[in-house]
Amino acid sequence: MFENISKDKIYKNLFNGKWIDAKNKNVIEIYSPSNDTLIGKLQALSKEEVDEVFKNANIAQKTWAETPVNERAKILHKAADLLEENADELSKILSAEISKDLDSSLSEVIRTADFIRFTADEGMHLEGETIGSDNFPGFKKNKVSLVTRVPLGVVLAISPFNYPVNLSASKIAPALIGGNSVVLKPPTNGAISALHLAEIFNAAGLPAGVLNTVTGKGSEIGDYLVTHKLVNFINFTGSTEVGKHIAKISEMVPMLMELGGKDAAIVLPDADLEEAASNIVSGAYGYSGQRCTAVKRVLVLDEVADKLTNLIAEKVNKLKVGKPEDGGKITPLINNKSADYVQELIDDAINKGAKLIAGNKREKNLVYPTLFDHVTTDMRLAWEEPFGPVLPIIRVKNIDEAIKISNESEYGLQASIFTKNMDDAFYIAGKLEVGTVQINNKPERGPDHFPFQGVKSSGIGSQGIRYSIEAMTRLKAVVLNLAK
Ligand code: NAP
Ligand code: G3P
């Protein structure tokens, strides 16, 4: 079903219901991170072309907003079905494009179909309310406020490389069910998969112009997109650096931002250490650590630190390293620059005396799973987000020291606490400055109808199916004033 998107592997953009060639001939070559082969070319749209995209989205939105929600929901259900039917093909494209292992690529696509279906159903149950006037002092019963939810207009959706299908759909579907049109700016690495997702929505019967795509490098076209006068909402997932930049330059445009993290796993002496170690390893090393919710530091109480470190090390040593096509779970990072950055953090930790337990081996952008014990707070690894397969263990004397170090981070996405003592768990959870605390589980976004939000430098606003729909709609009140 994807034959319209590519012409000699120069991927087109979806504009007004059709896949079109850009007028300018600027292209960006996309290479597979795992084997360096050219897998496609993207068009770099010009500012004039971007203007056309937004004008078109703005016009299409007016009709879409009038389309009954149940009809919008039917289209989303159809999109979810098509996504599932094409899951094998799409997950292979995804795996080749961002070097994600095959199982995780397939589960990203299936999770996305579930997300779209749930969004369609949730949208059908978003209801307004009526508010009487007489409960406010000095007012009689003669006024009624009829409160409904209305769309915002054109949503600019910007997604990151690590979940180009899921984190595009998690913006598109709630925006659409709320009656908005969407302009999708996919990540450059990940765009091919995201464009396939756009075709799924298009083939499901979305009216022309309700979803358009814009490819091009964020560093070149990004500022123009986020400051465009026809953007009514920005829904961004990506790095804190780019997120802060967007927040600075955009003018009074509401936004939802999911940014970086430095999630801590706090392990208490009474925890099931075997269970904690399994969670920590899958949390830290899944997709080679390229998840905002990856476990990015362990804060363990001294008395169980040796035992926990041994259990983690055993599991790290069993992780299969290699290309996704060879069944690798620790796969090459998205590019060499990312691997260089991870190496810098590793070198800094070694130079400052951290104890290397596993890893510190590299073949180009393939970084072997690396584990450090005795990391201290003067090391960069204690604070910076590697976005790669390296995990620092920091030993602490007591619960309050763990809370202190966790909260000293500039980030505040999630944290995990491993313990059997719920009094301790709730004491710590109450003090942690994060969006979500997981008790006896690794940090994670799902299930996708749970609220998901970062505080401090980790984000603005809450996503999660209902919360995302609410963020991309607004209340509108019509007040009925009766004579009596
Ligand atoms: P990124 O470099 O910030 O890029 C994210 C998106 O923003 C890409 O589509 C990128 O386009 C675009 N972009 C770049 N510069 C822009 C600009 N000036 N204006 C508008 N858009 C611009 O992040 P990434 O490397 O893809 O993802 C890794 C980071 O994202 C990590 O820090 C991670 O923690 C964070 N992340 C957070 C969450 C979360 O939910 N909290 C989820 C996933 C990832 P190009 O690709 O063309 O540069
Ligand atoms: O990095 C993407 C972020 O949204 C995390 O999702 O499902 O891996 O916890 P997940």
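Helices (H or I, at least four residues) and strands (E, at least two) are DSSP runs, numbered from the N terminus. This is a predicted model, in which local features need pLDDT of at least 70 and side-chain atom pairs count only at pLDDT 80 or more, while totals for chains, interfaces and linings use all residues. Residues are numbered from 1 along each chain as its sequence is written, chains are lettered from A and ligands numbered from 1 in the order in which they are written, and side-chain values use heavy atoms, with hydrogens and water left out.

**The shell around ligand 1**

- Helix 7 (218-226), strand 12 (233-237) and helix 8 (240-249) each supply at least two residues of this shell, and its largest share, five residues, comes from helix 7.
- Ligand 1 is surrounded by 32 residues, the closest being Ser159, Thr188, Ser239, Leu259 and Glu385, where a residue counts as near if one of its heavy atoms lies within 4 Å.
- Because domain 1 (6-259 + 460-477) and domain 2 (264-448) both give residues to the shell, ligand 1 lies between them; the domain bounds come from an automatic or database domain assignment.

**Contacts of ligand 1**

- A backbone N or O atom of Leu259 lies 2.5 Å from a nitrogen atom of ligand 1, whereas a backbone N or O atom of Gly238 lies 3.1 Å from an oxygen atom of ligand 1.
- In the side chain of Glu385, an N or O atom is 2.6 Å from an oxygen atom of ligand 1.
- Taken alone, ligand 1 exposes 910 Å², of which the protein buries 87% (Shrake-Rupley method with a 1.4 Å probe).

Technical notes:
A polar contact is a pair of N or O atoms within 3.5 Å; within protein, one must be able to donate a hydrogen and the other to accept it, and residues adjacent in sequence count only if both atoms are side-chain atoms.
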